[in-house]
Amino acid sequence: MNSSYLNFKDKHILVVGDVMLDRYWHGGTSRISPEAPVQVVKVSNIEDRPGGAANVALGLAKLGLSVTLVGVVGHDENAVALERCLESSGVICRFVRSEHLPTITKLRVMSRHQQLIRLDFEERDDCLSQNEAVATMVKECLTNSDAVIYSDYQKGCLADVPSLIKLSNNAKVPSFVDPKGDDFSIYRGATLVKPNFVEFETIVGTCSSESDIQTKGTQLKEQFGWDALLVTRGEDGLVLFENDKAPFSLATSAKEVYDVTGAGDTVIAALTAVYVTSKRFTDAVEYANQAAGFVVGKLGTASITAGQLDAIMYQRSHSTNFGVLAPAELLEQIKLAQMSGEKVVFTNGCFDILHPGHVAYMKQAKALGDRLIVAVNTDASVKRLKGEKRPINDLVHRMAVLEGVGAIDWVTWFDEDTPKELIETLSPDVLVKGGDYSIDTIVGADHVLKQGGEVKVLSFVDGYSTTSIIEKANL
C-alpha cells in the first residue's frame, strides 16, 4: 500500500475547544457496603487520560502530527496532570488559566472493565476575558497551522466560535467542527461539520428514511455554507455530504464495541489528519471510519497510531474483489484502490464479439494506470444503439468473456445509452475511449477533468471489427 496519506510529520494541526481530564479509579468489588446498598470498590489503580478536545489533540499526536492545543483550565492539580499527560505525547499546550473555574474532570469508577459510576467536576462561565484570551491564542497559532479543529462540548471555551471560524477563514486555514447543541448557525462558514445522528436530527428533525437523511443533510450543508457535512450514525456507519457530489455512505467498520467513549474525537482527528494530506474528503472519511472502528473495540478513551491505521488499510486494500461487480460494489473497491495510491482507468462499450483488436485496446488502456474498469452496455442498451438483431451475445456472456482478459480488473454494466451517470458515480482517474473521438465529444470527460483526472483517446487495431465478423458469419 502507498502510505503517503499517512506521512503526517510535516503537518501541524491546531485544536481549540473544551479540554477535560478523564480520571479512572480501578479496583475490585467483593462486598456490599453496610452503609447503603452499593458495591464497595477497593481502588488499586488511578489512571489519568486527556478528554474532550484534549483527547482530539492526543489522537492527532499519536498519528504523528504536530499539535497545538488551546483550551481553558483552572489553577489546580488536575490542570497539571492534564498538561503532563499531553506534553508527554508531544502536544503543545496553550492553556488559558481561569482564576475561578476548576479544570473539567470526569471521574469514572471501574471494576472488572465495567463503569460503575461517573462523577463530573465542572462549572461553566462564558466570561468576555476568557473569550478574548482564547481568540488571541488562536490567532497566534493559526499562522503555522494546516488546519484547525473546533471541538465543542458546550463547556464555555467556544462560546464565541463564530469569531474563531472567521479568524481561521481569514487565515485561509480549513476548519473542522465537532459540534454540540441545537443551534448550528454558530458554525456557519466552517469547512466541515461532524455531528452524530442525534445531534443531526436535533437540527433537521426526525428522519424517516435514507432519502430523508440525504435530502435534509444536503439542505443543512448548503444552509450554513459548509464545504462538507459528515454525519456519524453509530452502527449504521456514516454519510458524507460534499459540494457537487452525491452523498457518500460507509458502513461501520467496528467488529466489536466495548466502549464508545472518545469515538467522535477519533473520527474528527483522523478525518482532519488525512484531509490535510490527501485533500479528498472521501479518503479522509474512509480512514476516519476505520480509526473509529478500532478505538470502540478498546476500553476507555483510546487512540490509534499511524502504523495501526496503515496496517488496517493495507489489509483492506489487499482483500480487493476483482471480476464482475455491480456498480455499487465497484465504488467501494475503487475508493480502496485510490486510497492505496493506485490510478483507476475506465473504458466502456458493447463488446458484442470480443476480438484481438479489443484485447490490444485493453492492454493499451491498462498501461495508463494500475486498475482497469470495463463497463458494458446492457442488452436493452445495445438494442437501442445497434438495432433489434443485436447483441449477438447476451450481457452475462459478454461480461464473462471480458472477465477472462488479463488486462481487465473489474467488469460492470450500465443500462443507459451512455455511461455518463456511471462515470460521475465512480469518478475514475483516467477515462479512455477508442476510435475517432476528440476529448470534448467523449461522454463523461468534463466530469473526469473537473475531478483532476485525465481523458485519453486510443486507436483500435486495424483489421478487426465486430461488424465485419458478423458479416462474414452471415455469408
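In this predicted model, the largest pocket holds about 870 Å³ of space. Its lining is made up of 34 residues, and Lys245, Glu424, Ser427, His447 and Gln451 are those that lie nearest the centre. Two or more lining residues come from each of strand 12 (238–242), strand 13 (248–250), helix 8 (281–295), helix 10 (327–339), helix 14 (420–426) and helix 15 (445–450). The most is given by helix 10, with 5 residues. Sorted by class, the lining of the largest pocket comprises 13 charged, 11 nonpolar and 10 polar residues.

Ser427, one of the residues nearest the centre of the largest pocket, is placed in the loop between helix 14 and strand 18. Although Ser427 is not a glycine, its phi is positive, at about 45°. Ser427 has a relative accessibility of 17% and therefore counts as buried, the limit being under 20%. A positive phi, of about 65°, is also found at Asp244, again not a glycine. Asp244 belongs to the loop between strand 12 and strand 13, two strands that each give two or more residues to the lining of the largest pocket. With a relative accessibility of 70%, Asp244 counts as exposed, because the limit for that class is over 50%.

Strand 18 (residues 430–434) contains Lys433. The relative accessibility of Lys433 is 14%, so this lysine counts as buried. Leaving aside residues up to four places away in sequence, Lys433 touches Thr347, Asn348, Tyr361, Ile442, Lys456, Val457 and Leu458.

Over the whole structure, 2 cavities of 30 Å³ or more are found. The largest cavity contains about 110 Å³ of space. It is lined by 13 residues, with Val72, Leu101, Ile104, Glu123 and Lys155 nearest its centre. In the lining of the largest cavity, 7 residues are nonpolar, 4 are charged and 2 are polar.

Helix 1 is mostly covered, with 9 of its 10 residues buried. The buried positions are Ala53, Ala54, Asn55, Val56, Ala57, Leu58, Gly59, Leu60 and Ala61. After helix 1 comes Gly64, which has a positive phi near 105°. In helix 2 (residues 77–87), the buried residues are Asn78, Ala79, Ala81, Leu82, Glu83, Cys85 and Leu86.

The contact brings Phe197, Phe200, Ile203 and Val204 of helix 5 against Ile213, Lys216, Gly217 and Leu220 of helix 6. Of the residues in this contact, 6 are nonpolar, 1 is polar and 1 is charged.

The backbone also includes a cis peptide bond, which runs from Arg390 to Pro391 and has an omega near 5°. Pro391 is located in the loop between helix 12 (379–386) and helix 13 (395–403).

Key. Residues numbered from 1 in each chain as written. Predicted model: local features only at pLDDT ≥ 70, side-chain atom pairs only at ≥ 80, totals over all residues. Heavy atoms only, no water. 1 Å grid on protein atoms, 1.4 Å probe; cavity = no way out; pocket = protein on both sides within 12 Å on 5 of 7 lines; lining within 4 Å. Points joined across faces, edges and corners; volume = space filled by probe spheres on them. Helix = DSSP H or I, 4+ residues; strand = E, 2+ residues; numbered from the N terminus. Nonpolar A, V, L, I, M, F, W, Y, C, P; charged D, E, K, R; others polar. Buried < 20%, exposed > 50% of the residue type's maximum accessible area, 1.4 Å probe, protein only. Contact = heavy atoms within 4.5 Å.
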